[in-house]
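Reader: I have a structure open and would like to go through it. Can you show it here?

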Amino acid sequence: MEVRMADQSSSRFHQIPEALWERLDLVIPVYQSSGKGGRPRLPMRNVVGGILYVLATGCQWKAMPKQFGSGSAIHAYFQEWVECGVFEELWELALIEYDQLKGIDWKWQSMDGAMTKSPLGGEKNREKPDRSWQAGRETLDADRRPWRAAWRRRRRRQCA
């Protein structure tokens, strides 16, 4: 019998232990079935398993194994849960539980604190280019605008 690699690696995400599921189930939003009919919602264990699979493997949403459900549907759940703060709440609960089990010495915690020079940062007294920055601008046609001016006028589309 042939077993595909995706099936082997996804099985550990598909079978979420009951102890973990009890913790996750407290934070995951509760969805009511629609009275209008339509396609039924995916089982929440499949959704959580699919999200964990993508986050752990780094694969694209549509490339996840079909046993979790549609990649686009699971991605929609993921986006909704990010917006609702589900993952922040899970992170907070995990920190609290770890603090109770092992203890966290909070006075020694810090944010990202890289204080070294970049290895490819270059020297202060490096060689100057052969021509100045403005020399390239002088060759523009009179009716052609520099790209920077066009960039300032263009407005970015805002997310709703």
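Reader: At what angle do helix 3 and helix 4 pack?
Author: This is a predicted model. In it, helix 3 (residues 44-57) and helix 4 (residues 71-84) pack at about 85°, and their axes are 9 Å apart. Angles of 65 to 115 degrees count as roughly perpendicular, so helix 3 and helix 4 are roughly perpendicular to each other.

Reader: Which residues make the contact?
Author: Helix 3 contributes M44, N46, V47, V48, G50, I51 and L55. From helix 4 come I74, Y77, F78 and W81.

Reader: How many of those are nonpolar, polar or charged?
Author: The contact of helix 3 with helix 4 has 9 nonpolar residues, 2 polar ones and no charged ones.

Reader: New topic. How many aromatic pairs are there?
Author: The structure has 6 aromatic pairs. In one of them, the ring centres of W81 and F87 are 6.4 Å apart and the planes meet at 50°, so the pair is tilted.

Reader: Which residues do the ring pairs link into a cluster?
Author: Y31, W61, Y77, F78, W81 and F87. Among these, Y77, F78 and W81 also belong to the helix 4 side of the contact with helix 3.

Reader: And the whole chain, how many helices and strands?
Author: The protein chain has 7 helices and 0 strands. Of its 160 residues, 18% are buried. Its accessible surface is about 14,500 Å², with 52% belonging to carbon and sulfur atoms.

Conventions: Residues numbered from 1 in each chain as written. Predicted model: local features only at pLDDT ≥ 70, side-chain atom pairs only at ≥ 80, totals over all residues. Heavy atoms only, no water. Helix = DSSP H or I, 4+ residues; strand = E, 2+ residues; numbered from the N terminus. Buried < 20%, exposed > 50% of the residue type's maximum accessible area, 1.4 Å probe, protein only. Areas by Shrake-Rupley, 256 points an atom, 1.4 Å probe, with all protein chains shown as cover. Axes fitted to C-alpha atoms, helices over the stretch in contact; angles between N-to-C directions. Parallel < 35°, antiparallel > 145°, perpendicular 65-115°, else oblique. Contact = heavy atoms within 4.5 Å. Nonpolar A, V, L, I, M, F, W, Y, C, P; charged D, E, K, R; others polar. Phe/Tyr/Trp six-rings, centres within 6.5 Å; stacked < 30°, edge-to-face > 60°.
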